[in-house]
Amino acid sequence: MDERTAIVARYLGALFAQDVETALAWLHPRWQLVTLPPGIVVTRDRFADALGSAEPGYDHLDLRREFDEPVLLAGGRVFVVARTILTWRETAEHAATIDRGALFVLEDGLITEHRILRTRQDAPAAG
């Protein structure tokens with residue numbers, strides 16, 4: 001695994017394990033999260049505040065997050081597919097799976113940008 005893909009994997013692993021301190025350690029001070037359209041940009045400080053708050057409530061659903069192995073793209077960006085898997089709490093039956101693509105830009109061994117894509121097919125168009 002390339003160093004850049006390994007950094008993204010460690011960041012996502014910490015983020016999905018709710019290890020806020022470790023996840024934030026992989027983010028450059030100029031880091032920004034760019035969400036789906038309309039393209040809201042979240043800074044590192046606002047993200048840190050949000051990570052400290054509780055997970056959104058799902059009355060009857062449990063959620064699990066996982067990600068595929070990150071892929072190094074031309075130009076040094078890293079692409080990964082992350083998914084949220086929802087199951088019914090009462091029966092443990094599958095309710096939904098939401099796949100999202102994400103592009104990461106790194107500088108000096110830290111992530112400077114995390115761009116959420118609508119689908120995995122959006123990666124080539126995004127750069």
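**Entry 1: F16**

I looked up F16 and found a relative accessibility of 25%, so F16 counts as partly exposed. The model I am reading is predicted. To place F16 in its class I needed the limits: buried is under 20% and exposed is over 50%, with partly exposed in between.

**Entry 2: the partner of F16**

I then turned to the aromatic pairs, and the structure holds 3 of them. F16 and F67 form one of these pairs, with 5.9 Å from centre to centre and 65 degrees between the planes. I noted the pair as edge-to-face, because planes over 60 degrees apart get that label.

Where do F16 and F67 lie in the chain? F16 belongs to helix 1 (residues 3-16) and F67 to strand 3 (residues 61-67). They are 51 residues apart, and I recorded that the pair links distant parts of the chain. F67 has a relative accessible area of 27%, so I wrote down F67 as partly exposed.

**Entry 3: W31 and F47**

Next I checked the rings of W31 and F47. Their centres are 4.7 Å apart and their planes stand at 40 degrees, so this pair is tilted. W31 sits in strand 1 (residues 27-34), while F47 sits in helix 3 (residues 44-51). The two are 16 residues apart, and this pair also links distant parts of the chain.

Are W31 and F47 buried or exposed? I found that both are buried.

**Entry 4: T22**

I moved to helix 2 (residues 20-25), where T22 lies. The relative accessibility of T22 is 33%, so T22 counts as partly exposed. I also compared its position with that of L12. T22 and L12 are 10 residues apart in sequence, and their C-alpha atoms are 9.9 Å apart in space.

**Entry 5: the whole chain**

Last, I looked at the protein chain as a whole. I counted 4 helices and 7 strands. Read along the sequence, their order is α-α-β-β-α-β-β-β-β-β-α.

How many of the residues count as buried? The protein chain has 127 residues, and 34% of them count as buried. I put the accessible surface of the protein chain at about 7,500 Å², and 52% of this belongs to carbon and sulfur atoms.

I finished with contacts between residues at least 6 apart in sequence. Of these contacts in the protein chain, 47% join residues at least 24 apart.

Terms used. Residues are numbered from 1 along each chain as its sequence is written. This is a predicted model: local features need pLDDT of at least 70, side-chain atom pairs count only at pLDDT 80 or more; totals for chains, interfaces and linings use all residues. Side-chain values use heavy atoms; hydrogens and water are left out. Buried means under 20% relative accessible area, exposed over 50%, partly exposed in between (1.4 Å probe, protein chains only). Contact means heavy atoms within 4.5 Å. Accessible areas come from the Shrake-Rupley method with a 1.4 Å probe; for residues, only the protein chains shown count as cover. Rings of Phe, Tyr and Trp (its six-membered ring) pair if their centres lie within 6.5 Å; planes under 30 degrees apart count as stacked, over 60 as edge-to-face and the rest as tilted.
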